[in-house]
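Here is a short report on one protein chain.

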Amino acid sequence: MTKRLKSRVATLLATSALLFGSSVTLGASNATAATWTFEKGELFPSGSYTIVAYYNGTYAGLMDWRGDPLGGDPGDAFRVLDRLSDGHAMEAKMINPVTGRTATTRGHSAVYYSPWSTGDLTEGTNVYIQLCAVKGDYSSCSPAYSGHA
């Protein structure tokens, strides 16, 4: 082999090794990245609805909004459920109307329902609530889905 051909082969092999190493590393990081997805449940005539959280496709928790009292549960109230022992908590915030109301499972082991976050709202008021999976400063959140009081 000529010196020039040997140099080209060495360059080609080095470049191939670098590209292979990069693709393996990138593939590994993407495969280990957690994926949170959220889905709004049925909107009932009372304005009640749920937001369900999935962690890598597994049902992880939910936010439950009650527009009217039902079966001993208060109306104009929401709570969250954390179902997985994955280190994440579920946290919901009322985005609109701006009330500062939240419900969280932070500091509790799964399976855990938070207390109801309550407060009287005018009948028919549109309510927007957002559900987040949280861990320390990290959060992955749903859109703010709507129901009504």
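Accessible areas come from the Shrake-Rupley method with a 1.4 Å probe, and for residues only the protein chains shown count as cover. On that basis the protein exposes about 8,700 Å². Carbon and sulfur atoms supply 57% of this area.

The model is predicted: local features need pLDDT of at least 70, side-chain atom pairs count only at pLDDT 80 or more, and totals for chains, interfaces and linings use all residues. Residues are numbered from 1 along each chain as its sequence is written, and side-chain values use heavy atoms, with hydrogens and water left out.

## Overall make-up

Helices (H or I, at least four residues) and strands (E, at least two) are DSSP runs, numbered from the N terminus. In sequence order the pattern is α-β-β-β-β-β-β-β-β-β-β-β.

Of the 149 residues, 35% count as buried. Buried means under 20% relative accessible area, exposed over 50%, and partly exposed in between (1.4 Å probe, protein chains only). A contact is a case of heavy atoms within 4.5 Å. Among contacts with a separation of 6 or more, 51% join residues 24 or more positions apart.

β9 spans 126-135. Seven of its 10 residues are buried, so β9 is largely enclosed by the rest of the structure. Two strands pair if DSSP finds at least two bridges between them. The pairings of β9 are listed below.

| Pair | Sense | Bridges | Residues standing opposite |
|---|---|---|---|
| β5 and β9 | antiparallel | seven | Met-90 and Ala-133 |
| β9 and β11 | antiparallel | four | Ile-129 and Tyr-145 |
| β9 and β10 | antiparallel | four | Val-134 and Ser-139 |

β9 and β10 also form a hairpin, with two residues between them. Gly-136 sits in the turn and has a positive phi of about 60°.

## The nonpolar core

A nonpolar core is a set of buried Ala, Val, Leu, Ile, Met, Phe, Trp, Tyr and Cys residues joined through side-chain atoms within 4.5 Å. The largest one holds 22 residues. Trp-36, Met-63, Trp-65, Phe-78, Ile-129 and Leu-131 touch the most other members. At least two residues of this core come from each of β1 (36-40), β2 (49-55), β3 (58-66), β4 (77-82), β5 (89-96) and β9.

Take Ile-129. Beyond its neighbours within four places in sequence, Ile-129 is in contact with residues including Tyr-49, Ile-51, Met-63, Trp-65 and Phe-78. Its contacts also include Ala-92, Met-94, Pro-143 and Tyr-145.

## The disulfide

A disulfide is called for a pair of cysteine sulfur atoms within 2.5 Å. By this rule the count comes to one. Cys-132 and Cys-141 form it, with their sulfur atoms 2.0 Å apart. The torsion about the S-S bond is about 105°, so the disulfide is right-handed.

## Two loop residues

Ser-142 lies in the loop between β10 (138-141) and β11 (145-148). Ser-142 is buried, with a relative accessible area of 3%. Leaving aside neighbours within four places in sequence, Ser-142 is in contact with Phe-38, Ile-51, Gln-130 and Leu-131.

Phe-44 lies in the loop between β1 and β2. At 41% relative accessibility, Phe-44 counts as partly exposed. Phe-44 and Gly-147 are 103 residues apart in sequence, yet 8.4 Å apart in space, C-alpha to C-alpha.
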